[in-house]
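The sequence and structure come next.

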Amino acid sequence: MSNRSITLEEKQQAFAELRSVKQLFAERGWFPGTSGNLSVRVGDFDAEQFHFAITASGKDKTIDTPSDFLLVDQTGQPSELTSLKPSAETLIHCEIYRLTGAGAIFHIHSVYNSIISEYFWERKSVPVDGVELIKAFNIWDEDAHIEIPIVSNFAHIPAIVPEVTDRIDSKIPGILLRKHGIYAWGANAFEAKRHLEAFEFLFEYVYKMELLQR
Ligand SMILES: [Zn+2]
């Protein structure tokens, strides 16, 4: 346990941010079957040492309880005495923070992100051409073309991490797990939410466009 650098206020602020994002996403049906997880980084960042607040594993995210969040370190271990368990997927949050220094990471499972990750699996990325919402990623080129990376989904989460390490694209603030869901991140909760919403819009757009073109 090594969270002495984090103040109570910082922790409470992170939990409050997670609670409001959790409520909003729950209203959208973005946590089916207790899936999904949200995290916000807290305190100073060093790629080798940092902390973040994350949703506890296995909770119904449509209801609020006093034990919805916990603080973990860069290895995904709780930084405080708690019986709460971080999700197994916490290790993916750890790796994204380590590589990007992001301030928040949101992970959801949706029908569109799951289908599109399978549809483009052999390509290993989802191509998107010239859609306005690409600007949500601060990519302003006219007719911008982006490729959203897709990595394998293994039951053993640590096996996914090396692919995340390999495939993260510094210009694209998100990565898809095959037939699983998306991880989207940003400098803070506001930006991570904007990116996630843009990804979900683009997945639905690409899906429907593919159908029309058949
Ligand atoms: Zn998941």
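## Annotation and overall form

The unreviewed UniProt entry carries the annotation "domain: Class II aldolase/adducin N-terminal", which covers residues 16-207. UniProt positions are given in the numbering used here, feature names are shortened, and annotations may be inferred rather than shown by experiment. The end C-alpha atoms of residues 16-207 lie 34 Å apart, and the span is 30% helix and 26% strand.

The model is predicted: local features need pLDDT of at least 70, side-chain atom pairs count only at pLDDT 80 or more, and totals for chains, interfaces and linings use all residues. Residues are numbered from 1 along each chain as its sequence is written.

The protein contains five helices and eight strands. Here helices (H or I, at least four residues) and strands (E, at least two) are DSSP runs, numbered from the N terminus. Read from the N terminus, the order of elements is α-β-β-β-α-β-α-β-β-α-β-β-α.

The C-alpha trace spans about 55 × 35 × 30 Å along its principal axes. For 214 residues, a compact globule would have a radius of gyration near 17 Å, and the 17 Å of the protein agrees with this. That radius is taken over C-alpha atoms, and the globule rule is 2.2 Å times the number of residues to the power 0.38.

Of the 214 residues, 40% count as buried. A residue is buried if 20 or more other C-beta atoms lie within 10 Å of its own, exposed if 12 or fewer, and partly exposed in between, with C-beta atoms placed from the backbone. Among contacts with a separation of 6 or more, 64% join residues 24 or more positions apart; a contact requires C-beta atoms, placed from the backbone, within 7 Å.

## The sheet

Eight strands form an open sheet with mixed pairing, in the order β3-β2-β1-β4-β8-β7-β6-β5. At the edges stand β3 (69-73) and β5, each with a single partner strand, so one side of each is left without a neighbour in the sheet. The twist from one strand to the next averages 20°. Two strands pair if DSSP finds at least two bridges between them. Axes are lines fitted to C-alpha atoms, for helices over the stretch in contact, and angles run from 0 to 180 degrees between N-to-C directions.

| Strands | Sense | Bridges | Residue pair |
|---|---|---|---|
| β1 (37-46) and β2 (49-55) | antiparallel | five | S39 and I54 |
| β1 and β4 (104-108) | antiparallel | four | S39 and I105 |
| β4 and β8 (181-186) | antiparallel | five | I108 and I182 |

Is β4 enclosed or open? Five of its five residues are buried, so β4 is largely enclosed by the rest of the structure. A104, F106 and I108 point one way from the strand, while I105 and H107 point the other way.

## Helices against the sheet

Helix α1 (residues 8-27) lies across β1, β2, β3 and β4, and runs at about 155° to β1. Helix α5 also packs on the sheet, touching β1, β4, β5, β6, β7 (174-177) and β8, with its direction at about 145° to that of β8.

Helix α5 (residues 189-212) has 24 residues and reaches 35 Å from its first C-alpha to its last, close to the 34 Å expected at 1.5 Å a residue. The expected span is 1.5 Å times one less than the number of residues. Its buried residues include A189, A192, H195, L196, F199, L202, F203 and V206. Charged residues K193 and E200 are also on the buried list.

## Loop residues

Most residues other than glycine have a negative phi. N138, not a glycine, has a positive phi of about 65°, and D143 has a positive phi near 55°. N138 is found in the loop between β5 (125-129) and β6 (145-151), and D143 is in the loop between β5 and β6 as well. N138 is exposed, with 10 other C-beta atoms within 10 Å; D143 is exposed with 8.

A155 is in the loop between β6 and α4 (161-167). With 7 C-beta neighbours inside 10 Å, A155 counts as exposed. A155 and A88 are 67 residues apart in sequence, and their C-alpha atoms are 9.8 Å apart in space.

Notes:
Contact = placed C-beta atoms within 7 Å.
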